[in-house]
Amino acid sequence: MLDRLAARLATVALRLPPPRTRRVTLTRGVPVRVRDGVCLRTDHYAPDLPGAPTVLIRTPYGRGGPMRLLGRIAAERGFHVVIQSCRGTFGSGGTFAPLLHEREDGLDTLDWLRRQPWWSGAFGMFGASYQGFVQWALAADAGEGLRAMVAVATASGTRDSTYAGESFALDTVLTWAELLQAQTVPWLARQWELKRGQPRLVAALAHLPLVEADRVATGVTVPFFQEWLRHHTPDADYWRPRVFGDRIAEVRAPLAMVSGWHDIFLPAQLRDFAALRAAGAHPRLTVGPWTHGSPGLFVAALRDGLDHLEEHLAGRRPPGPVRAGRRESAPVRVHVGGAGGGWRDLPDWPPPAVPTPWHLHPAGGLSTAAPVPSAPERFHYDPADPTPSLGGPLLVAQRAGPVDNRPIEARPDVLTFTGAPLDAPVEVIGPVRAEIHLRSELSHLDVFVRLCDVDRRGRSWNVCDGLVRVTPDRFAADAAGVVRVPVELWPTAHRFAPGHRLRVQVSGGAHPRYARNPGTGEPLGTAVTLRAGWREVLHDPQSPSAVVLPIVPQPIQLPHSRK
């Protein structure tokens, strides 16, 4: 009764299409035995509609709470909904080893589905984050029965996001390890830890060596955290069975992708989109003003996802000429941030734009003018007092997204380069990159670059950023000791309004979002010696440091409101 009431309230609040049936039977904890004998606990929501197709959701986060609401809502719209706990989680047997068993467990679950009397021969998949990873693990081998996928804030491979710029996404990985461990403790104990501000996690993020951080955060050693510290090099065999992008061109199911500009997996998800387009597929893409766990992302995923399943899995056209506020012919829908932005429908991603270098200039200047002869800017980075991270793409929504960066910019270890107030709006839509020329006392260092929008009140709001780890074997210095460092920033869609200013930050890190660089070249997990040193950022004609922005000459479509 409570599930039915919650589904009705959600239907009204989220303006979802009316249900096709209210008669749904829930069978909990069905044991699905896979090839090595492990039983995976599975809930089945069955509508009283003959021939209904199936939606499969595999998750390590439990089958209750939001999953029960989602199961009920989708079943009322005419789908058998099968929600399964990944091995080693919430009653399923075996040990949870992220990504390792998801292909085989997914295929064995699909074999089980095919043997059920209610199986119609067609199924789709739905899910966010890890629930999306398991979709990619299965998709290339699922056969013609797979008719639709809804992949939310996720990607076919997690390796590049874990080691963004060949650094280590410490906050994301350790926070996720703590979250998974917290699922095993009593609810009241968890609420008390959250109320106290998670002091153990805070201490762990600052702890060295990193091989001890999982025990500081959770009280136990987390095997996958240890493995990810050890197997961090690009050629590590460990990741080969855990990355699924090499077969993305084989996936034929229509795909709906949903993400946010401040999502931790956005660059990887947009690479998946590009790979699918190159293979001749026609995925749909929505990117909004969201972080990884923001409520707005969940609402958009539910709306777009149900419409996508209705059309491609059930063969029913969603009602209305505009689905979820999106023009019917537009495969891409993005939210342009900043004053006067709003939602835009695009024919593809990225849209046509002019790559425009904004050069760093002396005295903290920034403009499209060519660089001039000038002395470099200097800053001192000390890993014992690492430059903190502030906002941006993080796992926890409450700490993520755009924030006022003035506290960071006031630090002596952060260089800022600021343009003049704009006379006209500047729209930046697409991939963003930087090229920083620098000299350093140390051969092991990080380069963090962030683009900000400075409003008329002087508040500096982060738009996008990126970090690269520099080692002698990755980037060679020239005869003058200058290293050219290319930095891929997060893609973005942002409108800088008249009177606002563009600002670029350059610093030596963003801790604890990225693990601090000790400056010694010691192994990631065991490094404890910290070396500080000076860096010089050059911006002369021979070393033209710049951020290259994809500028749209004019609005490619007038904004319109979401349905």
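Start with the salt bridges: a search of the whole structure, which is a predicted model, turns up 36 of them. Side chains of opposite charge can pair when their charged atoms come close. Let's visit a few.

**Stop one: R87 and D36**

Select R87 and D36 and show their side chains. They form a salt bridge, with the closest N and O atoms 3.0 Å apart. Now trace the chain between them: the two residues are 51 residues apart, so the pair links distant parts of the chain. R87 sits in the loop between β4 (80-85) and α3 (102-114), while D36 is in the loop between β1 (24-33) and β2 (39-47).

Next, pick helix α2 (residues 66-76), which holds both E76 and R72. They are four residues apart, about one turn of the helix. An α-helix has 3.6 residues a turn, so residues three or four places apart point the same way. Here the closest N and O atoms of the E76–R72 salt bridge are 3.0 Å apart.

**Stop three: a network**

Now select R103, E104, D141, R247 and E250 together. Salt bridges link these residues in a network.

**Stop four: helix α12**

Jump to residues 295-312, which make up helix α12 with its 18 residues. From the first C-alpha to the last, α12 reaches 25 Å, close to the 26 Å expected at 1.5 Å a residue. Color its buried residues; among them are L297, A300, L302, R303, D304, L306, H308 and E310. What covers them? Show β3 (54-59), β5 (123-128), β6 (146-152), β7 (255-262) and β8 (284-291), and bring back α2: the cover includes each of these elements.

**Last stop: confidence**

Finally, color by pLDDT. The protein averages 92, and 96% of the residues score at least 70. Then zoom in on residues 556-563, where pLDDT stays under 50. For this stretch the model has 34 contacts beyond four places in sequence. Where pLDDT is low, the predicted coordinates should not be read in detail.

Methods: Residues are numbered from 1 along each chain as its sequence is written. This is a predicted model: local features need pLDDT of at least 70, side-chain atom pairs count only at pLDDT 80 or more; totals for chains, interfaces and linings use all residues. Side-chain values use heavy atoms; hydrogens and water are left out. A salt bridge is a side-chain nitrogen of Lys or Arg within 4 Å of a carboxyl oxygen of Asp or Glu. pLDDT is the predictor's confidence in each residue, from 0 to 100. Contact means heavy atoms within 4.5 Å. The expected span of a helix is 1.5 Å times one less than its number of residues. Buried means under 20% relative accessible area, exposed over 50%, partly exposed in between (1.4 Å probe, protein chains only).
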